[in-house]
Amino acid sequence: MAGLSLQKVKKRFGETEVIGGVDLDVKDGEFVVFVGPSGCGKSTLLRMIAGLETTSDGRIEIGGRDVTGEDPAKRGIAMVFQTYALYPHMTVATNMGFPLEMAKRPKEEIDRKVAEAAKILHLEPYLQRKPRELSGGQRQRVAIGRAIVRQPGVFLFDEPLSNLDAELRVQMRIEIARLHQELGTTMIYVTHDQVEAMTLASRIVVLRAGRIEQVGAPLELYENPDNSFVAGFIGSPRMNFVPVTVVGVEGGKAMVAAPKLGLTGMAVATRGAAPKLGTAVNLGIRPEHFVAADGATSALSGKVTLVERLGGVTYAHAQLPEGGTITVESRDARSFNAGDGARFGLDGSRAFLFDQDGKRI
Ligand SMILES: Nc1ncnc2c1ncn2[C@@H]1O[C@H](COP(=O)(O)OP(=O)(O)O)[C@@H](O)[C@H]1O
Ligand SMILES: [Mg+2]
C-alpha cells in the first residue's frame, strides 16, 4: 500500500500543454476520483502516474519514492482500463495469473493468488471459462483480478465501467466500492460520470482543461463549490444558473433581484468580500432545492415546456421570460403540466452566487 504525491506535474504533447501544473497529495488507502469532461486530461494524468506517459515537468512520488522517470513495472501500480484486453484463448484463471506468469513466479504462488482474487471477485465458478463465455461485468472483474494478483501499492482505474450497460455499471460500482473496503489499497479512479465520482470517492478531484478546479469530499463539493464549473458538474440534473443583479448588501448576505423573471428580492449568503450594488451576477440553484411557491416566497416565473415523470421524482423544464431555461425537481408527480405558467419557489439558504468569471461570491 502506498500514498501518492504529484508536484507541479505538467504534460506537453509537442507545443500543446495538456496538463498544466497539478499538485495533489493522496493518502495511503484513499479512494480518489478524477472527474471532468471528456478531453480534460484525466487519462493523461493517470497514465503519467502509471508511467505509460512521460512527465514533461514536475515530480511524481509513490510511497514516498520519486518515480518520475521510472519504468511502469517498477512503480508498484496496477492499472485497469475501459477495455478489458483479456486473452481470448486463455481461461479466466490463466488470464488472471498472467502478470505473475510473466514475472516468473512459482506455480504454487500463482495458484494461491488467483484463488484469493477469484474469491474476492466472486469469480470462483468461472475460473475454467474463456472470456467469450462471460458477461461484460464478469470480464471486467477478470481484468480487475489480473490487477489484484499483483498486490499493487496503488490501483489505477481508467473509466473501467464505461463499456457496461447501465444496470451492470451500478452493480460493478458497488463491487468496486466493496473491493476498496476489503483491500484498503489506495485507488485512483478516472471517470467522466459525476454519479460514479460521488458514490465511490473519499475525495474528488475536478479537472478542467488540464488543471484542478477543486478537490474535496463529495458532499463538500456539492455543498460548497468554489466556482460555477464545479457547481455545474457535481449534482444531477445540473445546477441552474440565472442572471440576477445585486440590489443590497448586509451582514454577509447579498440581496439579489431579477424583476423581469419575477424575482423581486432574495438574500443569499456570500463567501468573502461583499459584491458592489448593481453588479450582475449568476444565481445558482439546484433542481432539488426549489420549494413550493406561495405569495410570500421568493420565486422565478416561467412557462413549463416539458415534464419528465419518473415515478418517484418529476423534472419540470421551464422557459424563463428572458430566454433562459431551468430544471425543477418535484416529489409531486402532478405539480407541473407542460404549457402552464408557474412560479418556482426559491430557498435563498440553498442558493449560490457566482461572478461573471464563474468564481463563487
Ligand atoms: N498522444 C497524444 N498526442 C497528442 N495529444 C494527446 C495525446 N493523448 C491525449 N492528447 C490530448 O490531450 C487531451 C487530454 O486527453 P485525455 O487525457 O485522453 O482526456 P480525458 O481522459 O479527460 O478524456 C486531449 O485534448 C487529447 O486530444
Ligand atoms: Mg480518458
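Which residues are linked with Lys11 in a network of salt bridges? Select Arg47 and Glu53: together with Lys11 they make up that network. A salt bridge here is a side-chain nitrogen of Lys or Arg within 4 Å of a carboxyl oxygen of Asp or Glu.

Before moving on, some ground rules. This is a predicted model, in which local features need pLDDT of at least 70 and side-chain atom pairs count only at pLDDT 80 or more, while totals for chains, interfaces and linings use all residues. Residues are numbered from 1 along each chain as its sequence is written, and side-chain values use heavy atoms, with hydrogens and water left out.

The count of salt bridges is 18. Three stops follow.

Select Glu61 and Arg59. Their side chains form a salt bridge, 2.8 Å from N to O. Glu61 is buried at 15% relative accessibility (buried is under 20% relative accessible area, exposed over 50%, partly exposed in between, with a 1.4 Å probe and protein chains only). Arg59 is partly exposed at 34%.

Next, pick Glu70 and Arg65. The closest N and O atoms of this salt bridge are 2.9 Å apart. Glu70 is partly exposed at 22%. Arg65 is also partly exposed, at 37%.

Finish at Asp226 and Arg271, a salt bridge of 2.9 Å, N to O. Asp226 sits in the loop between helix 7 (218–223) and helix 8 (228–233), and Arg271 in the loop between strand 13 (263–269) and strand 14 (280–285), so the pair ties together parts 45 residues apart in sequence. Helices (H or I, at least four residues) and strands (E, at least two) are DSSP runs, numbered from the N terminus. Asp226 is partly exposed at 29%, and Arg271 is partly exposed at 40%.

Technical notes. Chains are lettered from A and ligands numbered from 1 in the order in which they are written.
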